[in-house]
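Here is a friendly walk through one protein model, written for someone who likes cut-offs stated openly. Have a look at the sequence and the coordinates first.

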Amino acid sequence: THTWRGFTWDSAVTFSWNENKIIELMRDWRDPETGKVYSKDRLEIKGLGRAKYILKEGGSMGDLYTTSDLRRNADGDIEIDDAGNVAIEDNLPDMKLGSVFPKYNLSWRNTFDYKGLRLSALVTARIGGIVYSATQANMDLFGVSEASAAARDRGGVLLNGRSMVDAETWYTAIGAQSGLPQYYTYSATNVRLQELSVGYTIPRRWLKVCDITVSLVGRNLWMMYCKAPFDPEAVASTENFYQGIDYFMTPSLRNIGFNVNIKF
């Protein structure tokens, strides 16, 4: 906090992070009834469609995987059959999409006071992690997204550098909830103006009885940086194994309020 002739500036930075690592799942556990010995180094929890949370030793609880991809030939080209359809292959080795947990979180609040007038601004940032949008996948499937419109305008999607498939064929293959999540995985990094408030305190010496502070407060006012097609902080669920997944969630809201604080 710094003060100059009645003007006060208070600045505070918060930095936080949370790390988790799976050390061991189950090794050589013996069933006391049957005597059988069980070991497990991979545990598939849940997810959405072909996006799956898989626990592995050395990994973390937030790791999102898929075991599906476009089928490719020996040269690595995407296979297109005689009817022009794009083939999908399941039960492939685990392909990690990323972790839905952030690497760290930041916040920076600045408050300015001068003769009863107060201005406060809070900027927050989430750095790292990924999110998966099944909403975008479904919009592409039904041809109502900006990306699908652009593909139609281009005459389709170019595959393998030489083969053009129409937009409907392409998005039927990769889109929808049951499509390929690697095409709908985005960086969860975002920076926003989380809160801005302006207030004035009517001093006790004027009213003789109390101090009255009136404030105008706005929250979630400006998304300064975000690459995902939705707000990465507006999660559908707070449980461990559904964070980072967007499936027609309610959009995040900007709100503005008015506060009156009376101090006797």
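The report below goes through strands, a helix, aromatic rings and a surface patch.

This is a predicted model, in which local features need pLDDT of at least 70 and side-chain atom pairs count only at pLDDT 80 or more, while totals for chains, interfaces and linings use all residues. Residues are numbered from 1 along each chain as its sequence is written, and side-chain values use heavy atoms, with hydrogens and water left out.

**Strand pairs**

Helices (H or I, at least four residues) and strands (E, at least two) are DSSP runs, numbered from the N terminus. Two strands pair if DSSP finds at least two bridges between them.

| Strands | Bridges | Bridge partners |
|---|---|---|
| β3 (residues 26-30) and β4 (residues 37-40) | 3 bridges | Arg30 and Val37 |
| β6 (residues 51-56) and β7 | 2 bridges | Tyr53 and Leu64 |
| β7 and β10 (residues 95-99) | 4 bridges | Asp63 and Ser99 |
| β13 and β16 | 3 bridges | Ile130 and Ser187 |

**A covered helix**

Helix α1 (residues 134-141) is mostly covered, with 6 of its 8 residues buried. These are Ala134, Thr135, Gln136, Ala137, Asn138 and Asp140. Their cover, by contact (heavy atoms within 4.5 Å), includes β5 (42-48), β13 (130-133), α2 (146-153), α3 (167-174), β16 (185-187) and β19 (245-246). Just after α1, Gly143 takes a positive phi of about 70°.

**Aromatic rings**

Rings of Phe, Tyr and Trp (its six-membered ring) pair if their centres lie within 6.5 Å; planes under 30 degrees apart count as stacked, over 60 as edge-to-face and the rest as tilted. The whole structure has 9 aromatic pairs. Why does the pair of Phe7 and Phe112 count as stacked? The ring centres of Phe7 and Phe112 are 6.2 Å apart and the planes are at 25°, so the pair is stacked. This pair links distant parts of the chain, with Phe7 in strand β2 (residues 7-16) and Phe112 in strand β11 (residues 104-114), 105 residues apart. Phe7 is partly exposed at a relative accessible area of 30%, and Phe112 is partly exposed at 29%. Ring pairs join Trp4, Phe7, Trp9 and Phe112 into a cluster.

**A nonpolar patch**

Val209, Leu216, Ile256, Phe258, Val260, Ile262 and Phe264 make a nonpolar surface patch of about 790 Å². Patch residues have over 30% relative accessible area and no salt bridge, and nonpolar side chains (Val, Leu, Ile, Met, Phe, Trp, Tyr) are joined within 5 Å; a salt bridge is a side-chain nitrogen of Lys or Arg within 4 Å of a carboxyl oxygen of Asp or Glu. Strand β20 (residues 255-263) gives the largest share of the patch, 4 residues. Val209 sits in the loop between α4 (204-207) and β18 (211-226).

Technical notes: Patch = residues over 30% accessible without salt bridge, like charges linked within 9 Å, V, L, I, M, F, W, Y side chains within 5 Å. Areas by Shrake-Rupley, 256 points an atom, 1.4 Å probe, with all protein chains shown as cover. Buried < 20%, exposed > 50% of the residue type's maximum accessible area, 1.4 Å probe, protein only.
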